[in-house]
Number of protein chains: 2
Amino acid sequence: MSQLTIAVDAMGADAGPGPAVRAAAALSRSDQSPNLILVGRGEELKALLAEVEHDAAKIELHHAPDYISMQDKPAEAFEAKPETSIALAAKLLAADRADALVSAGNTGGVLLAGARHVGRLEGVKRAALAAVYPTERPHGDKRDPFALMLDVGATVDAGAEELVTFAIMGSAYASLISENPSPKVALLSNGAEPYKGSAAIIEAHRVLRESGVVNFIGNLEGVDIPKGTADVIVTGGFVGNVVLKMLEGVSETVRDLARYAYRRRLAWKLGLWMLASGIRRLKEFTDWQQYGGAPILGLSKVCIKAHGRSSERAIGNAIKVATKAVRSDLNGAIREGLNVVKQG
Amino acid sequence: MSQLTIAVDAMGADAGPGPAVRAAAALSRSDQSPNLILVGRGEELKALLAEVEHDAAKIELHHAPDYISMQDKPAEAFEAKPETSIALAAKLLAADRADALVSAGNTGGVLLAGARHVGRLEGVKRAALAAVYPTERPHGDKRDPFALMLDVGATVDAGAEELVTFAIMGSAYASLISENPSPKVALLSNGAEPYKGSAAIIEAHRVLRESGVVNFIGNLEGVDIPKGTADVIVTGGFVGNVVLKMLEGVSETVRDLARYAYRRRLAWKLGLWMLASGIRRLKEFTDWQQYGGAPILGLSKVCIKAHGRSSERAIGNAIKVATKAVRSDLNGAIREGLNVVKQG
């Protein structure tokens, strides 16, 4: 196995650079570890790294004097601060010094850095941010509890061509990363019938149905999102963003209601105590954002956006996902899919 | 109080005409009852009505030989069957023989009958289907557990002018029907900032902010939908449809998971038994669609779409809502709001 290099933007996460540095340090000590370039304030990273055991041969520090904070407006920050950690990390990919990028920073900043410095795969007009989310039904042979949805915020207005591209990219990701060999792909619409939805959805439906490029199961409705009827749900960035944030809101509401019930009545309190292990599972389930990264699909190199609240473990997972995406040639699979549609 | 007349489309609901006939019969016996015209197959309605106590002076039967079933495609059914119950009921409004319409039939059929035979209020370019849904936070002085969302499927592509009109209509409905004097109105977007969202959302935001026509609290995100941050959430029909169906799906998933937990472990079984009254409340909560009707706002007369699964009680409630909407002059309040924006 050839040695890969992953650029890790260590700045701009909610808890600062600590989790990223510790994740890189821990990973460096395993045999399968890729080389890691930590990008951020040099002195700060050096001090944090000195505190933890690591394999110095596998970790390089790359100084960036600035970073984009969660409060920054990405486009403005890009103008005002030319040497942010995310911009320099993306430039490492452009210069072929790294094979993939992981960041737990400002989502808009990562999308912008990807668009400006990494660039898109040939044949991809718009990138997509994909997210995994928990569903009632498991997915694939591995009974993965998560489904994939894209786009969730990179491309607000997606036309038919973009929706088809998103379907191909999501299918490739579910197949190679979630190891679900023939993932069921659906378009989100306001009705199951092929004639329902915007002109873009109707045309994308036709192309997906006729090309056979993915395992297309047709249009699904909102009710199918939590059920997990499809392994990959394709939609535009506006709707995907609303839906994903609504799932977060529902999780929080369920937890709040459980807390409220706990305070309310003795019988309910006892009941909840009996259910404690179930509720712990629910909490794990609703904390899903901790566990994966959200891939930005359609760029010429792999970019994974980890959640801003990521723990060391979560960032470690995101680096592993990035490594797996490079080793399994995710972008090669996407290119193949695009060719099928182009020739069809 | 003057005598109002409500046209009730008695056909096409999941359980047939029984619930509508029984609801009308029960209501006719109360002093505050409006006059009711039951529209549907005359002999069938007559036989059903003969089985239940009712005030014959307040109930009129209006024969319609056909009806639109849940399986029918509304536009095709309209061509093939000119004398459906929903079309004839809508024509009673057009002929000023009735003041409002209630139907538990095919949603597309009710929307089409409203558009073709009832017509829109002056200044309203597109009608909106509004829906109430349960939220974590209560609403208004009456601590109503439901918020209002519109559009949820009448106008798939809503421009800025439509979104502003929907905000005015939703605010009037929440104020007069839910008796929430100054309902908080928000636009659903992919970010809270005024510059987030489509061009239509950005422009609607500006108009609502500057005109002061409703109590506009700005843009909200998906996470705010289940929390109930706003009393009225305004969005286009595609997104509203996805969101509303997703709420249905989440409710079903929560119930399925509870059932699964019940089978799984003795401790969980005991726990759920302890929580029985809580779960009954959850079930009531998730059965919310039973309780109100969904108003079609923007038509020249009040039209309420009750859920296809409506019980007698649910249809009775929908008739009461229609009566309240006419008596409180909902359309007058909408007209006033439209004038504020027009002159602004």
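Residues are numbered from 1 along each chain as its sequence is written, and chains are lettered from A and ligands numbered from 1 in the order in which they are written. Because the model is predicted, local features need pLDDT of at least 70 and side-chain atom pairs count only at pLDDT 80 or more, while totals for chains, interfaces and linings use all residues.

## Chain A overall

Chain A has 13 helices and 11 strands. Helices (H or I, at least four residues) and strands (E, at least two) are DSSP runs, numbered from the N terminus. Of its 344 residues, 56% count as buried. A residue is buried if 20 or more other C-beta atoms lie within 10 Å of its own, exposed if 12 or fewer, and partly exposed in between, with C-beta atoms placed from the backbone. Contacts in chain A between residues at least 6 apart in sequence join residues at least 24 apart in 73% of cases; two residues are in contact if their C-beta atoms, placed from the backbone, lie within 7 Å.

## The sheet of chain A

Strands of a sheet pair through backbone hydrogen bonds, either parallel or antiparallel. In chain A, 11 strands form an open sheet with mixed pairing, in the order β3-β2-β1-β4-β11-β10-β5-β6-β9-β7-β8. The edges are β3 and β8 (215–220) of chain A; each has a single partner strand, so one side of each is left without a neighbour in the sheet. On average, neighbouring strands are turned by 30 degrees against each other, direction ignored. Two strands pair if DSSP finds at least two bridges between them.

Strand β6 of chain A, residues 144–150, is mostly covered, with six of its seven residues buried. Six bridges join β6(A) to strand β5 (residues 128–139) of chain A, and this pair runs antiparallel. Within the pair, A:A130 has A:L150 as its bridge partner. The hairpin of β5(A) and β6(A) has four residues between the strands, and A:G140 there takes a positive phi near 70 degrees. β6(A) is also joined to strand β9 (residues 232–234) of chain A, in parallel, by three bridges. Here A:L148 stands opposite A:V232.

## Helices of chain A

Which residues of α4(A) are buried? They are A:S85, A:I86, A:A87, A:L88, A:A89, A:A90, A:K91, A:L92 and A:L93. Nine of the 10 residues of helix α4 (residues 85–94) of chain A are thus buried, so the helix is largely enclosed by the rest of the structure. Its cover includes β1 (5–9), β2 (35–40), β3 (59–63), α3 (74–80), β4 (100–103) and α5 (107–118) of chain A. After α4(A) comes A:D96, with a positive phi near 60 degrees.

The angles in the table run from 0 to 180 degrees between N-to-C directions, with axes fitted as lines to C-alpha atoms, for helices over the stretch in contact.

| Helix of chain A | Strands it lies across | Angle |
|---|---|---|
| α2 (residues 42–50) | β2 and β3 | about 155 degrees to β3(A) |
| α12 (residues 312–327) | β1, β4, β10 (293–297) and β11 (302–306) | about 160 degrees to β11(A) |

Helix α6 (residues 160–176) and helix α13 (residues 330–343) of chain A pack at about 140 degrees, with their axes 9 Å apart. That makes α6(A) oblique to α13(A). Angles under 35 degrees count as roughly parallel, over 145 as roughly antiparallel, 65 to 115 as roughly perpendicular and the rest as oblique. The crossing of α6(A) over α13(A) is right-handed; a crossing is right-handed if the near helix is turned clockwise from the far one by less than a right angle, and left-handed if anticlockwise.

In this contact, residues of α6(A) including A:V164, A:I168 and A:Y173 meet residues of α13(A) including A:L330, A:I334 and A:V341. The contact residues divide into 11 nonpolar, three polar and no charged. Ala, Val, Leu, Ile, Met, Phe, Trp, Tyr, Cys and Pro count as nonpolar, Asp, Glu, Lys and Arg as charged, and the others, Gly among them, as polar.

## Chain B

Chain B has an open sheet of 11 strands with mixed pairing, ordered β3-β2-β1-β4-β11-β10-β5-β6-β9-β7-β8. Its edge strands are β3 (59–63) and β8 (215–220) of chain B. Strands β1 (residues 5–9) and β2 (residues 35–40) of chain B pair in the parallel sense over five bridges, and B:A7 has B:I37 as its bridge partner in β2(B). Helices α6 (residues 160–176) and α13 (residues 330–343) of chain B pack at about 140 degrees, with their axes 9 Å apart. α6(B) passes α13(B) in a right-handed crossing.
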